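Here is a short report on one protein chain. Look at the model first, then read on.

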Amino acid sequence: MTSQSSKITKEQTNTLKCTESTLEASSRYYQDQIGMFECVYNPKITKENLKILLNNCKSTTCSENASSSSENSGIIDAAATSTGRNRILIIPTFINLKEGSGSDIDAVIRKGQRGGLLSKLNRNYFFTNPVTYPESTRMWQEFYLLNFLRGRGVWVPEPLFAAVKSLAPGIYTGYLGTIHLSGTKNFLDILTENPLPSIDSICNTAFLTGREAKKALSLGILHSDLHIGNILVGKGSVYLIDFDKSHLSIQISRNCDISKQFEKTVANISFIEKGEKSLLNRWVRSVEKRVVLADIRSVLIKSFKAGLET
C-alpha cells in the first residue's frame, strides 16, 4: 500500500503543479443574483435562460402534482425513477456552445433535500446565510466540486448552475443543475434488467466506478454516498453523481488557493487509505442490500475493489 500511495503522491503532485488552469476554469463561471436567488452558473447558459429554468423549478418541484402540471411544458418529472431522497427534473433548455451559436440540451435539476432521520423534521431547509456566504451552501459547494473534478479528468456531470434562496435569516433552500448525460442509464436500473448484461459488462462498470472514485479521492474528495444507484453508465464510461455532503480535504471555491491545500492532501496518505476503506465498505453495503444474485454481488465487489487499487 505504501509504494502505491507514494506513486499516487508523485503523479498527482506533478499533475497539480498547473493549479492556475483550475482557477482560470473556475473564474469562467458567473455569479449573479437572479430574482430571489443567489446564483453561480456555467457560461454555456445565459442569465435569461437560467431565469426561465428557475421559474420552472419553482412551479414544479414545489407542487405535489408536478408530473401533471409540467406535462405541457416539456418537463420530465423523473422522481419515480430516481434513487435517493432528491427529486429530479429534466428540463429542455438552450445553451451557448460558443459565441454566435448554440444548442438545445436537457438540464437535470435537483432540489436540495435532507436525508436521514433529520428529514422527518426538516426535509427542505438548510442553515447558513446564502446572501452573505453563498459559497458555503451545499448547492454552491457541489457546483464548484463538480467543476473541479471535471477539470482534473474525473467522470462527473458538467455543472450548469447552483441557485440558493434565503427564506429567513440563516435559512435557505436551493437547486443544483447539471447538463443531462444523454444515452446514459442508472447502474441500478441496468442491474434489474431482464436479461442482465454480460458479466464482462458488469465487471467493467464496477471497475471503472472504483477507478473514478479513487481519482476523486486522490484529489482530496471522498464521495460520501457512492452506491450502485449513484452511477450513470454510458458506452465505455461511467459517471459519478450526487456529491452532496461529500467529504473534502480541501476547500473548493472561486478564490481559494488550491495549490497549497492540495499539497497537504497528497501528502496525507492516511486520508487516501481511510477513504478507500470507506468507499469499499459503502459499496459492499449497497451491493448486498440491492443485488439478489450472489454471483453478481461477488463480481461487483471484486471489480470495484480492483478499480480502487489502480
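Predicted model: local features only at pLDDT ≥ 70, side-chain atom pairs only at ≥ 80, totals over all residues.

## The chain as a whole

The chain has 10 helices and 13 strands. It holds 310 residues, and 49% of them count as buried. Take the contacts in the chain with a separation of 6 or more: residues 24 or more positions apart account for 65% of these.

How many disulfides are there? The count comes to 0, because a disulfide needs a pair of cysteine sulfur atoms within 2.5 Å. Such a bond is covalent and joins the sulfur atoms of two cysteines. Cys39 is buried, with a relative accessible area of 0%. Cys203 is partly exposed, at 23% relative accessibility.

Strand β7 covers residues 159–168 and is mostly covered, with 7 of its 10 residues buried. The table sets out both pairings.

| Strand pair | Bridges | Direction |
|---|---|---|
| β2 (residues 37–41) and β7 | 5 bridges | antiparallel |
| β7 and β8 (residues 171–179) | 8 bridges | antiparallel |

Individual residues mark these pairings. Glu38 has Val164 in β7 as its bridge partner. Ala163 stands opposite Tyr175 in β8.

β7 and β8 form a hairpin with 2 residues between them. Gly170 sits in the turn and has a positive phi of about 80 degrees. Is Gly170 buried or exposed, or partly exposed? Its relative accessible area is 24%, so Gly170 counts as partly exposed, a class that lies between 20% and 50%.

What does Gly170 touch beyond its neighbours within four places in sequence? Gly170 is in contact with Phe126, Phe127, Thr128 and Asn129. Asn129 is 41 residues away from Gly170 in sequence. In space, the two are 4.4 Å apart, C-alpha to C-alpha.

## Helix α5

Helix α5 runs over residues 138–151 and has 14 residues. From its first C-alpha to its last, α5 reaches 20 Å. That is close to the 20 Å expected at 1.5 Å a residue.

Why is α5 described as largely enclosed by the rest of the structure? The reason is that 10 of its 14 residues are buried. Among the buried residues are Trp140, Phe143, Tyr144 and Phe148. Glu142 and Asn147 are buried as well. After α5 comes Gly153, whose phi is positive, near 85 degrees.

## Helices α7 and α10

Two packed helices are described by the angle between their axes and the distance between the axes. For α7 and α10 (residues 294–308), the angle is about 35 degrees and the axes are 7 Å apart. α7 passes α10 in a right-handed crossing.

Which residues meet here? On the α7 side they include Ile199, Ile202, Cys203, Ala206 and Phe207. On the α10 side they include Ile296, Val299, Leu300, Ser303 and Phe304. Cys203, the partly exposed cysteine, is thus one of the α7 residues that meet α10.

## Two backbone details

Most residues other than glycine have a negative phi, and most peptide bonds are trans. Two places in the chain depart from this pattern.

The peptide bond from Asn194 to Pro195 is cis, with omega near 5 degrees. Pro195 lies in the loop between α6 (187–190) and α7 (199–218).

Asp242 is not a glycine, yet its phi is positive, at about 60 degrees. Asp242 lies in the loop between β12 (237–240) and β13 (247–248). Is Asp242 buried or exposed? Its relative accessibility is 15%, which is under 20%, so Asp242 counts as buried.

Note on methods:
Residues numbered from 1 in each chain as written. Heavy atoms only, no water. Helix = DSSP H or I, 4+ residues; strand = E, 2+ residues; numbered from the N terminus. Buried < 20%, exposed > 50% of the residue type's maximum accessible area, 1.4 Å probe, protein only. Expected span 1.5 Å × (residues − 1). Pairing = 2+ DSSP bridges. Axes fitted to C-alpha atoms, helices over the stretch in contact; angles between N-to-C directions. Left-handed = near helix turned anticlockwise from the far one by under 90°. Contact = heavy atoms within 4.5 Å.
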